[in-house]
Protein chains: 2
Amino acid sequence: MNASEKKPKRPGDLEKLFGPASVAVIGASRHPGKVGHDVLANLVHGDFGGRLIPVNPATDTILGLQCYPTLTDYGREVDLAIIVVPQPSVLAVLDDAVKARIKAAIVITAGFREIGSAGAALEQQVVELCTRHGVRLLGPNCLGIINTGTRLNASFAPHMPQAGGISIFSQSGAICTAMLDLATKKHLGLAKLASVGNKADITEVDLLTYLAHDDETQIILGYLEDISTGDKFVKAAEEAASNKPVIILKAGTTAAGLRAAASHTGVLAGADTAYGAAFNKSGVVRADTFDALFDYAQALALQPLPKGDRVLIITNAGGPGTIAADAVERAGMRVATLAAGTSVLLREQLPRFAAVDNPIDVLGDAAPERYIAALQSAQNDPEVDAILVILTPQVMTRPAATAMALAMHLDGSKPVVASFMGGTDVMPGRSQLTGAGLPDYDSPERAVAALKAMYHYALWKNRPPRMVTRFPVNSRRVERIITRRQRTGRLHLDEVKGKAVLNAYGFKIPKGALAAGAEEAVEIAERVGFPVAMKIVSPDIINKSDLGGVQLNVGDGEMVEDLFEMMMLKIARKVPAARIDGIYIEQMIGKGLEVIIGMNRDPQFGPMLMFGLGGIFVEVMKDVTFHLAPITEAEAIQMLKSTKSYAMLEGRRGKKGVDIGAIASGLQRISQLTTDFPQILELDINPFIVGDIGSDPLVADVHMTLAALK
Amino acid sequence: MNASEKKPKRPGDLEKLFGPASVAVIGASRHPGKVGHDVLANLVHGDFGGRLIPVNPATDTILGLQCYPTLTDYGREVDLAIIVVPQPSVLAVLDDAVKARIKAAIVITAGFREIGSAGAALEQQVVELCTRHGVRLLGPNCLGIINTGTRLNASFAPHMPQAGGISIFSQSGAICTAMLDLATKKHLGLAKLASVGNKADITEVDLLTYLAHDDETQIILGYLEDISTGDKFVKAAEEAASNKPVIILKAGTTAAGLRAAASHTGVLAGADTAYGAAFNKSGVVRADTFDALFDYAQALALQPLPKGDRVLIITNAGGPGTIAADAVERAGMRVATLAAGTSVLLREQLPRFAAVDNPIDVLGDAAPERYIAALQSAQNDPEVDAILVILTPQVMTRPAATAMALAMHLDGSKPVVASFMGGTDVMPGRSQLTGAGLPDYDSPERAVAALKAMYHYALWKNRPPRMVTRFPVNSRRVERIITRRQRTGRLHLDEVKGKAVLNAYGFKIPKGALAAGAEEAVEIAERVGFPVAMKIVSPDIINKSDLGGVQLNVGDGEMVEDLFEMMMLKIARKVPAARIDGIYIEQMIGKGLEVIIGMNRDPQFGPMLMFGLGGIFVEVMKDVTFHLAPITEAEAIQMLKSTKSYAMLEGRRGKKGVDIGAIASGLQRISQLTTDFPQILELDINPFIVGDIGSDPLVADVHMTLAALK
């Protein structure tokens, strides 16, 4: 369990973590190469302006600073303690530090939860100590933090990065150092960096909340292997993404990845589908690869968001233009059609053989001036939303001059990204691009992927206000059913009770009733009208059909009577121990399209709604979509549209389409039901039979499982 | 039309292109920056050992070489002429050059087919002149060639690359220069490079054939926007790929890409599906992105092929190991399980907290020795097929020393690739990796993608011998039907004739016959047995069902009689002009699974076979696979397995599977039919009804279109 669940949020506390006036290094060392030395050296060499207090009982001074045997010996208040002593001493020095009234602690030392139960128990003691004294804790088993704004390098990362707008949190210290190193090479500036380690107290949720409101942070980058509290994550991420782009690489997404993650951090990672749904909902830009994490960051940090998906390509050769146009189309974006005036203007400014449509080919001998002419036209063209500039090294090419000229002529009206393709010759240009504000990519394909990420973030950011419909329902009836079932421990709701629950939430169910005897069965059948379906109802039998517990299309009363006796006999013979509630007699359902709507409660993110077409579409083609509840109508319709089989709903080959709104409404009602009742663990309406527009869909069968009472 | 189609292949002729004893530059110039100067300067500065003859009527010497007014003025034999004069003079100087008995020509000058019909006409004259005199022509509109073996830089590419095993051909000069520049940066050596330009004579087919047998070429890289002659390409590529890896980036794959390609080279690009099928068949490793082209090349040029798909990861941090494991799984490969002995050995050699399963984590403070211990264990482990080494920059990390140590300890038994993640700090290591023989990647994901490409190439290379089954068939009957139809111009074969053709190739068709009148219809129906299907047969009606031209499940003779009259009346009323051959009376087909098998003749690559499940699977889910004919049984079965809906064929939920061998046999028979009869342009058996194992599938309906007689 995570400590942050137990106590009130205090995001303001992270101020003392990132902006301390004084920092103690407990376990500071005189010996270069030891973490206790390197952390202190980073603080000293980084020109941190606050007080620095090395703590080590065996030494007088380190790096010219007076050293104290314990922190309480220092005698003045200290904001932040960085603990680098060996694992067995951590608790003792922390105890001393809280006595010295620290506000925040970073435990860099490893050997806690990640090494097994003994480590986990120690970690728990550390957390409890901190919590008791209102101390926020980063780590253990982490790299530390960096704040370029106050020149605070409270980490054992080798260098202090240049200042800028990117902030990073990471569950892997090595990913931190790799990103720092990449940022240095790319001349990208960082605001804050935090290595969260075992996340015993401070998690991604705290950091998202803090960085969302941190003025120095323009975009947030994260590397995660698991998420500690799913619902809080979604809330914090959505809030942060509303302010600034949040890009996350979630590793451990596959079975093999999970094994590796388990051996790494000893935590259970959530299912990838749920992460996808959570990121979608909260506006997180998901990076699928390490390259993508930085690729997207460059574009989002340096360029404005696009207003649409029409991409213009400027190139000095045809081949790369073709590659780029392929990439735009594959990314689901559009190759812009230039406004007529733009082509006319370009025709005047560019040589005779230059291509003045899209891609604009400024030709192999293009000097910077031609690139500028093309860039300016494109920036002024209202039919263009985003621009990709490609340069290949040819005889007359001047990569460095072109890079600087391009950067100087950006007008900030729409995103511009660049790919200077090649190696040694283009390097003088490439090395200047990012520093000058123009994102730089190895290949046109990667540049286009970054534009796509920007476009999707812009779509999310400009989405219409979310209005979750609240349907009038009979929640007291559902409350009663659920409470009774939980008390009796019959946690799987059979079809009859499941339908009753759904009916209370406005779902139409076929007419029918439970018959205890053959005579009653005939009466019910006559009431609902022939033909009827007959289904055994028993808490002990789930797969009714397999055991002969279902009869369809029963045409008359006599048949109902005969079948009643026969079914009861058959079940008694096959499952002698089964408790039988009776046989449910129900009107036969007419024709329609079979779909499945359902909910699975993710341990991290809560109710995850599912939609798919029935039968082979779900079973063979796995053609389903997910969305976290609560869901709006627009989101529900988007779920339907995201399946490959959506065309089946719209009708094809002259067949009429089904009532899409009715399915969306069903999803919204499930959303409301499972949000209202956290006791429902899973629910499948399969099939949900939908017909023509205006007709109510019918719940043909339903399975529902409740949580056990604790 | 392409000149190479008209004359016998002379691959040997390319010897004079790549290995000339003497080279003339026609249009040589004294002025740096002009192509005529730069090409000559490249030849001079590249230390080419043969004779160099500048040709320019206005100058005496250039770069210290004696200059001649025309090539015939030179008076000695010349192997290769490079033509850089303005477009209007090309034909005249080429005429002079052929008089001087040149063996090969490179026309660098642009302004031919790519500028329209006038240019195309001139290009045709150039080709004819060359062909008449047995001169092989590269270009026009190209960059030239490079042969590092003879230090021949007959191009205007800025630098002579270092010698090595990679040869490149490209339809884009800029892609050539970008790849050269990348190779320089990566310290990768090149053997030969050819920019093919407009491919007026020498095409990718000539180059594949030549490079396949060139001893200096270890792997072949290609950039293509179209393919000139599909069948020859497949043959040449397959031959080349059997000798050495062939990696191709095919651009212009999407609609937007195609538009760009058309405006670039003025040639029509083939459909992407057909290219995919052609590359698959011929063993070409397809690069989907520019990055992938070079990424794959590094691995295939420097490392041995893997024997399987079990990947071991060595890392100095957990996070990147997790990312890599994710990538391995997503690539469809396996995260290797180490042999027990390996873990025991590693436990002895590595520190206590190191992970000794997969990923092997040598920890953040790992010196080169730990990497070597892990590498050696992995190389010796029979459960490991390929190795990925990851390094992140941490405080104690020594990237350069680790790179060199790793490279020195490669034993060549299995492929090893590396990803040193980061920027500035890892650069001293990264810059040495490739040159030292260890492929170097920005990220673990890209390294894994390269391993995947290697693995798939290895699978192709080690595929069992291809045995195309030749079924006994009645081809004379098909010949007769086709010939008659082509003569009469009735190119769409109706169901009756289509079934006759298929029947002659061993397909089982339902019993039935064509009835001209109602009485005959009843007789036929009685013979084939009730119930029957009745289908109108008319050359003018394709969608029979839509016009009421089909009746199913007709139960008795009286009904057959009535329906015959009614259908004839209905059709006569709806399509008064239609010629009616009669009504086809056919036994009703029993139950089975509906699949589609078909063939579409690609203009480039010939008969392309298709397979998919019927109905929604094809129409809504587009779940189909393609393969070029002729096809083997194993390939046909692979086609079935490559569909997402394959589970439907195997049976599910207790339903029995269908006869997969019978479908494969149907595909093979279609393969044989459409290979035997190039006159068949397209063919769809839809549905092809397949049943239990051992039962013959039935052709329920067929459409077939023939080529018009020329």
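## Working through a predicted chain

Chain A has 25 helices and 30 strands, counted as DSSP runs from the N terminus (helices: H or I, at least four residues; strands: E, at least two). This is a predicted model, where local features need pLDDT of at least 70, side-chain atom pairs count only at pLDDT 80 or more, and totals for chains, interfaces and linings use all residues. Residues are numbered from 1 along each chain as its sequence is written.

**Exercise 1. Work out what percentage of the residues of chain A count as buried.**

Step 1: Buried means under 20% relative accessible area, with a 1.4 Å probe and protein chains only.

Step 2: apply it. Of the 710 residues in chain A, 60% count as buried.

**Exercise 2. Find how many contacts in chain A, between residues at least 6 apart in sequence, join residues at least 24 apart, as a percentage.**

Step 1: a contact means heavy atoms within 4.5 Å.

Step 2: take the contacts between residues at least 6 apart; 72% of them join residues at least 24 apart.

**Exercise 3. Decide where to be careful with chain A, using its pLDDT.**

Step 1: pLDDT is the predictor's confidence in each residue, from 0 to 100.

Step 2: look at the whole chain. Its mean pLDDT is 91, and 95% of its residues reach 70 or more.

Note on methods: Chains lettered and ligands numbered in written order. Heavy atoms only, no water. Buried < 20%, exposed > 50% of the residue type's maximum accessible area, 1.4 Å probe, protein only.
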